[in-house]
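Visitor: Please show me the structure, and then I will ask about it piece by piece.

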Amino acid sequence: MTNSNSIAVTSRVTGDITLHDADKLGEGGEGAVYSLPEPVDEWVAKVYHRDKLTDETIRKLEMMIDYPPERRDEQTGHLFVSWPSEFVFEAGTREIIGFLMPKVDTTGSLFDYYTHKQRKKKTPHIHYRNLCSVAKSIAIALDR
């Protein structure tokens, strides 16, 4: 899965593609997230570390895929949350190794915005009223 330099994957959306280390957007304790090539570049793929994808995780992902939240604000169209949309399989098998989710273009983390010192340094154009708007969006997303 994520322990090699490249991995061949397949899904209904992507067909057969190969993900490379150069495509990796980030990696954490559960796995890695990869950017996808055109024409499916509006998606990203999360591929789990082999020891982190359990039957329980797969059941949770099935529920998330079957029952997605409202993803966009009705007024602005902004994406609230990137949510699993469908499974990704190891190419040539039916072994689930991850999932696809919509790509969200962001710069920075929430920490960069709610910490006054970081906000002034990294995003001086962000003002308190913007923070209130973000807080409202997060609250709505969590509620949904």
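Visitor: How many aromatic pairs does a search of the whole structure find?
Guide: This is a predicted model, in which local features need pLDDT of at least 70, side-chain atom pairs count only at pLDDT 80 or more, and totals for chains, interfaces and linings use all residues. Residues are numbered from 1 along each chain as its sequence is written, and side-chain values use heavy atoms, with hydrogens and water left out. Rings of Phe, Tyr and Trp (its six-membered ring) pair if their centres lie within 6.5 Å. On that rule, the search of the whole structure gives one aromatic pair.

Visitor: Which residues form the aromatic pair, and is it stacked, edge-to-face or tilted?
Guide: Planes under 30 degrees apart count as stacked, over 60 as edge-to-face and the rest as tilted. The rings of Y48 and F99 lie 6.2 Å apart, centre to centre, with 55° between the planes. The pair of Y48 and F99 is therefore tilted.

Visitor: How many residues apart in sequence are the parts that Y48 and F99 tie together?
Guide: Helices (H or I, at least four residues) and strands (E, at least two) are DSSP runs, numbered from the N terminus. Both Y48 and F99 are buried, that is, under 20% relative accessible area, where exposed is over 50% and partly exposed is in between (1.4 Å probe, protein chains only). Because Y48 lies in strand β5 and F99 in strand β7, the pair links parts whose separation in sequence is 51 residues.

Visitor: In what order do the seven strands form the open sheet?
Guide: Two strands pair if DSSP finds at least two bridges between them. The pairing in this sheet is antiparallel. The order is β2-β1-β6-β7-β5-β4-β3.

Visitor: Which residue in β4 stands opposite E27?
Guide: β3 and β4 form a hairpin, with three residues between them. The two strands run in the antiparallel sense. Opposite E27 stands A32.

Visitor: Is K46 buried or exposed?
Guide: K46 has its place in strand β5. Its side chain joins that of E30 in a polar contact of 2.5 Å; such a contact is a pair of N or O atoms within 3.5 Å, where within protein one must be able to donate a hydrogen and the other to accept it, and residues adjacent in sequence count only if both atoms are side-chain atoms. Since its relative accessibility is 14%, K46 counts as buried.

Visitor: What is the relative accessibility of G98?
Guide: G98 is found in strand β7. Leaving aside neighbours within four places in sequence, the residues in contact with G98 (heavy atoms within 4.5 Å) include K46, Y48 and L53. G98 counts as buried, at a relative accessibility of 0%.

Visitor: Is the peptide bond from E38 to P39 cis or trans?
Guide: P39 lies in the loop between β4 and β5. Most peptide bonds are trans. The bond from E38 to P39 has omega near 5° and is cis.
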